[in-house]
Amino acid sequence: MRAWIDGDLLADPTQGAIAVTDHGFTVGDGVFEAVKTLDGVPFALTRHLARLERSAAGLGLPAPDLDDVRRGVAAVLDGAQDDPIGRLRITWTAGPHPMGSGRGGGPATLVVAYSAIDHAPAETTVVTVPWTRNENGATAGLKTTSYAENVIALAHAHRHGGTEAVFANTAGNLCEGTGSNVFYVVDGELRTPSLASGCLAGITRGLVLEWCGAREVDEPLAEVRANASEAFLVSTTRDVQAITRWDDRDLPAPGPVTKQCAATWAAREAETMEP
């Protein structure tokens with residue numbers, strides 16, 4: 001693992017380096033991006049940085065200097081060419097502020113970290129959780145560092161035999177996973193929730209829409225779960241990952257549409273690599 005903070009590459013990435021008053025630490029006042037790398041080269045970095053800017057604006061944070069971010073990325077990826085797959089974590093927080101929710105005048109904090117990871121399995125199982133996403137909330141659609149809700153949901157899924165949790169929103173419609181978007185097939189048509197559902201505008205989601213085509217539609221989660229003939233998750237590190245079981249319902253994995261989307265992804269992902 002390597003870590004770069006506000007211009008400095010840490011000799012020991014596990015050492016203390018963030019102020020205890022940093023708002024990202026005390027109240028989750030920050031945004032982030034997780035970026036896949038292949039042989040040390042970032043995937044869709046420009047798209048990720050554009051979303052980082054959107055999330056920062058949505059949280060009322062100053063815009064990050066993207067040249068600084070790219071310098072941090074270059075620093076932590078130096079020597080990563082031998083890693084078949086890795087993950088960059090770019091974090092931008094409000095910086096040191098007084099204790100509590102109110103912001104002071106502290107400068108923002110920029111952290112870029114990297115570690116090698118394993119390829120995700122081709123198939124997964126999901127569990128519907130009893131909590132909902134608030135599609136009308138102030139942070140709906142933003143990739144913030146406030147992930148406690150996801151931690152709780154994922155732990156629930158693990159206890160019930162799943163590897164990912166799936167949320168409905170307050171309207172009862174399918175929304176998203178803890179760190180993934182959901183695609184499914186009904187009557188041969190590939191579908192996924194619209195951004196109005198409150199789901200994150202996933203980078204992989206956007207590329208699957210662009211490359212494979214899908215109808216964005218908001219439907220009750222219970223109906224999707226009952227009627228889908230196949231389904232899959234997408235995310236930065238999952239790519240296209242077939243769902244074999246959704247709660248107590250087994251699904252063909254990969255189904256024919258899932259298989260075609262996975263093949264299209266494998267054929268085209270090199271288009272967005274950014275050396």
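## Aromatic rings in close-up

The structure holds 4 aromatic pairs; rings of Phe, Tyr and Trp (its six-membered ring) pair if their centres lie within 6.5 Å, and planes under 30 degrees apart count as stacked, over 60 as edge-to-face and the rest as tilted. This is a predicted model, where local features need pLDDT of at least 70, side-chain atom pairs count only at pLDDT 80 or more, and totals for chains, interfaces and linings use all residues. Residues are numbered from 1 along each chain as its sequence is written, and side-chain values use heavy atoms, with hydrogens and water left out.

View A. Phenylalanine 32 belongs to strand E3 (residues 30-38), while tyrosine 147 is in the loop between strand E7 (123-133) and helix H4 (148-159), 115 residues apart. Helices (H or I, at least four residues) and strands (E, at least two) are DSSP runs, numbered from the N terminus. Phenylalanine 32 is buried at 5% relative accessible area, whereas tyrosine 147 is partly exposed at 29%. Buried means under 20% relative accessible area, exposed over 50%, and partly exposed in between (1.4 Å probe, protein chains only).

**View B. Tryptophan 211 and tryptophan 265 form a tilted pair.** Look for 5.2 Å between centres and 50 degrees between planes. Tryptophan 211 lies in helix H5 (residues 203-212) and tryptophan 265 in helix H7 (residues 256-268), so the pair ties together parts 54 residues apart in sequence.

**View C. Arginine 89 sits over the ring of phenylalanine 32.** The charged end of arginine 89 is 3.7 Å from the ring centre. A charge sits over a ring if NZ of Lys or CZ of Arg is within 6 Å of the ring centre and within 35 degrees of the ring normal.
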